[in-house]
Structure formats: structure tokens, C-alpha cells
Amino acid sequence: MLSKNKKPISLHDSKPEGPFPDPAMGEPFLLTPGPLTTSEEVKRAMLKDWGSWDGDFRAMTAELCRRLLDMLGEGKDDFDCVPLQGSGSYVVEAMLGSFVPRDGKVLVLANGAYGKRAAQTLGYLGRDYHLLDKGDYLPPRGAEVAHILEQDPEITHVLAIHCETSSGILNPVEEISKAVYAAGRKLLIDSMSAFGAVPLEANTIRYEALVSSANKCIEGVPGFGFVLARKSELEQAKGNSHSLSLDVHAQWDVMEKSGQWRFTPPTHVIAAFLEALKAHEAEGGVTARGARYRNNRDILVAGMRDLGFETLLDEKWLSPIIVTFFCPRDECFDFSQFYELMKERGFIIYPGKLTVVDSFRMGCIGHMDGDIMRRVVAAAGECLKIMNVTSAAPPASALEERRLLAS
Ligand SMILES: *Cc1c(COP(=O)(O)O)cnc(C)c1O
């Protein structure tokens, strides 16, 4: 909410009575999958300094962990939460290095940049891995996971990416989990861009650990990530890590004993995150957060299709997190001009991360609602007119490739 005595200057003609009154406070909205647009309350929570050893701050850390564990539903008692300084990639690296023994082997299920980054991380860590690379937009399926695990008894762990943020595909983790545990192996999940908006309850889907970070679906600011892991895995993780600062077991151990972070915590970021967690609960938890994002996506996708744009993914795999659109084939379309024109209208969009076709992405997450997504679509329409783009339809080759690979 806007505070009574401070009216932010606004680029937008936002309705002050709406549920999301200009959260960007005059800045452009971030249609990016984290950092993302946060509420004014979250930003204001950072205006105070905290002593990291202080009892009040330790209570904040404990509350943060309790609230995150609550999102796992009834199976949460078998899990513990270990927050860790750094961006999301730091917690992915910490999870892999701490839970995979040095003589372990990981099956990495990749269909985009984050899966590939996890494989690269294992390379740095000197852990053996098998990479299943599905290209840009096909999901790894349970049957092929089962087949690979049957062929290779050395594989101890499987790493799945929940929502692969580079295309926006929502991977079938439930089906993957069944295949992994039927073969007696262990599942680790990078749920960075899905946790908090897509259910991942411990009694519904089996896994040993998941990671996510402060600046995605919980709508905090960047600065730390967290591991939610089975206590049994945390106990067994002792001595596995290649790294002092990324040792999840050591961080857990110190937090258990003292309630403190091992090294300087991002105090302001944590204060902001607690505010974000309270808003998450007030909104109605994971279900309501997911519903708002799906509504954002539906309005965005319908509106962009009306303008002639096409989504990279088939309906079935479209996540409520981020959507990839093909760039129009029209010669007048120029992505960098489109980007600048959208920015002038108050919206920061995201370039594509695909290897083959030209694309761009728009995020549905952050402190934004359907009204804002309608404004995004209207702005995109204006930009096309200014660029003299008559049709936003993608090149036939892009659609043909999608058809061939998806069949
Ligand atoms: C954001 C994200 C990460 C971490 O990226 P950072 O830039 O290090 O925060 C990892 N995996 C997925 C799927 C992500 O969306």
C-alpha cells in the first residue's frame, strides 16, 4: 500500500484503489523472473539496521525457516531449512556439493540454461554426471529417466529443474520422482523459480532436497537462497562439501546450535523477505500465489496472441512463471528497439535464452496483477505500431521446428 504521507511519482496511471497500487513506485515494472517487482512494504522493511548476533534477528531467521517449511505441507517434519548467502546458483552449487558424495554420480535432466549450468557446476566440483539434454523446450519424461537409471547403476542422484526459467517450461517432477525412487535413487530439485507458487508438498512428491531463492515467487529482494532438505540427508552430508562457505551441513549445524548464520547474513534482505513471506501467507499461500500468476499469464498470453505473437511452448507445458514468445518475422521488428519502447512505457522485458530461434520472454511473477498485464499488452501493441510491424506472427521455420521437435 502507498503510505499516507508519501506519494511516489508514477510513470503509470495506476488506480490508487486497486490491490496493487503502483508497487514499482514510479520505476518500470520488472517483467523478469527475479529480481522482480516487489511491494512497497518489502522495500520499506530494508530501512532498518539489524545486528546479526542480536536475539531479534535470530528470531527473524527462525521465523523465516518455519514459514518456508510450512509450505511443504504435512510432510514438513522430516525436513529442515538452511538459508545460505548468495544468489540462486550458490545454493544449487551448495546442494550438489553437500548431498552428492564425492564418489556419487548425478543424472542431470536439462532442457535449458539452468540444467546446463547445474552440469557445469558438477564439472567444477569434480562430481561425475550424466547429462540428458532435451534441447530448448522438451520435458524430460519419467520413462526415459527410468531407462537411463536402469542402464547406469552408478548414478546415485537425479537433478531436476522444476520450472526451467530459460524457456518457461514446467517440468513433470512428479513423474520424474516416481521413476527415481522406483530405481532406488535420490532426487534433488532446483525449484528456484517455482517454489512458493507451484505446489511441491513433501507428502505428494518425494525428494531429498530442494532449493529456491529470495527473489523469485516469494517476491523478496536478491541476496540469499535456501535449501529445504530431509534431516536424514543433512546428517549424512557431513564432510561431503568441497567448499567451506557452501557447506550446507556446516551452515545447518551452526544454525541448529546458535540460531545464527555462520558468516555475515544479508540482514536487510532477510527483513524484506520476512515481509514478503507474511504477504504470501496473507494472500492465501502457495495456491493463491499460483492462481494470481496463472491469471497474469493467461491475460498476457491471450493479449499477445491477439496481437499475433506465438508462444514457444505448447499449452500443456506453459508455466505460470515466465512465457517465451517468438520474435515476429516482420522485417520492421527489432528486439532492441522493442525493448527500449517497452521500457519507455514502464516495462522491462527479458531477451530470450534459446539456442536456435529468436525469442523474448515476459515474466508473470512479482507484485503485479491482471490489470498490469493488460497494460503490458496494450504497450506491446503500441510498440508494434511505432515500429510499423504489421504482423507479429513468427517465421514459419520457428513454428515448423516447434512442431517437429514436439511430435
Ligand atoms: C534464477 C534461477 C537460478 C539461479 O540463478 P541466479 O542468477 O544465481 O539467482 C537457478 N535455477 C533456476 C531454474 C532459476 O530460475
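# Report on a predicted protein chain

Pro35 is found in the loop between strand E1 (29–30) and helix H1 (40–44); here helices (H or I, at least four residues) and strands (E, at least two) are DSSP runs, numbered from the N terminus. The peptide bond that leads from Gly34 to Pro35 is cis, its omega being near 0°.

The model is predicted: local features need pLDDT of at least 70 and side-chain atom pairs count only at pLDDT 80 or more, while totals for chains, interfaces and linings use all residues. Residues are numbered from 1 along each chain as its sequence is written, and side-chain values use heavy atoms, with hydrogens and water left out.

## The chain as a whole

The protein chain holds 13 helices and 14 strands. Its radius of gyration is 21 Å, close to the 22 Å that the globule rule gives for 407 residues, so the chain is as compact as a globular protein of that length. This radius is taken over C-alpha atoms, and the globule rule is 2.2 Å times the number of residues to the power 0.38. Along the principal axes, the C-alpha atoms fill a box of roughly 60 × 60 × 35 Å.

Of the 407 residues, 57% are buried. Buried means under 20% relative accessible area, exposed over 50%, and partly exposed in between (1.4 Å probe, protein chains only). Contacts (heavy atoms within 4.5 Å) between residues at least 6 apart in sequence join residues at least 24 apart in 72% of cases.

The chain carries 45 positive and 55 negative side chains, and the centres of these two sets lie 2 Å apart. Lys and Arg count as positive, Asp and Glu as negative, whereas His and the chain ends are not counted; each charge is placed at NZ of Lys, CZ of Arg, CG of Asp or CD of Glu.

## Selected residues

| Residue | Relative accessible area | State |
|---|---|---|
| Val82 | 1% | buried |
| Asn111 | 0% | buried |
| Glu219 | 4% | buried |
| Thr267 | 10% | buried |
| Asn388 | 56% | exposed |

Asn111 is placed in the loop between strand E3 (105–110) and helix H4 (113–125). Residues up to four places away in sequence aside, Asn111 touches several others, including Lys134, Asp136, Glu164 and Ser167. Its side chain reaches the backbone oxygen of Leu138 at 3.0 Å. The side chains of Asn111 and Asn171 are joined by a polar contact of 2.8 Å, that is, a pair of N or O atoms within 3.5 Å; within protein, one must be able to donate a hydrogen and the other to accept it, and residues adjacent in sequence count only if both atoms are side-chain atoms.

Val82 belongs to strand E2 (residues 79–85). Among the residues that Val82 touches, leaving out those up to four places away in sequence, are Phe226, Leu234 and Trp252.

Thr267 lies in helix H9 (residues 267–283). The side chain of Thr267 makes a polar contact of 3.3 Å with the side chain of His268. Beyond residues up to four places away in sequence, Thr267 touches Trp50, Ser52 and Phe57.

Two residues other than glycine have a positive phi. Glu219, with phi near 70°, lies in the loop between strand E9 (209–213) and strand E10 (224–230). Asn388, with phi near 60°, sits in the loop between helix H12 (370–386) and helix H13 (396–406).
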